[in-house]
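Have a look, then read on.

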Amino acid sequence: SYRPDMYDYHYSKAVLLYLNQNYAGTCEALTAGLNETENISNFRIERYRNALDYMAHEYPTYCAKETARQGKQ
């Protein structure tokens, strides 16, 4: 059966947006996923932060560096 914790909607959406060169949408999806839940796993936090850092470095026009600092501590 479907379990939301097994399917990372926002990360999957970010990948599809990235492949379609929608870099602003990619950053929005990553930020939404990072800030979505209080039980976010450490793996997922690291995955989202790494992706946001990459986007901020490669596409600073679409993804400001401050975005990568968001998320639960």
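Q: Which exposed residues sit on the face of α3 turned away from its buried side?
A: This is a predicted model, where local features need pLDDT of at least 70, side-chain atom pairs count only at pLDDT 80 or more, and totals for chains, interfaces and linings use all residues. Residues are numbered from 1 along each chain as its sequence is written, and side-chain values use heavy atoms, with hydrogens and water left out. Exposed means over 50% relative accessible area, buried under 20%, partly exposed in between (1.4 Å probe, protein chains only). On that face, the exposed ones are Asn42, Phe43, Glu46 and His57.

Q: Which helices do the buried residues of α3 pack against?
A: Helices here are DSSP runs (H or I, at least four residues), numbered from the N terminus. The buried set in α3 is Arg44, Ile45, Tyr48, Ala51, Leu52, Met55 and Ala56. Down the axis of α3, they fall within an arc of 140 degrees (directions from the helix axis to the C-beta atoms), so they line one face of the helix. With contact meaning heavy atoms within 4.5 Å, that buried set packs against α1 (9-19) and α2 (23-35).

Q: Is threonine 31 buried or exposed?
A: Threonine 31 has its place in helix α2. Its C-alpha atom is separated by 9.6 Å from that of tyrosine 11, 20 residues apart along the chain. With a relative accessible area of 15%, threonine 31 is buried.

How values were computed
Helices (H or I, at least four residues) and strands (E, at least two) are DSSP runs, numbered from the N terminus.
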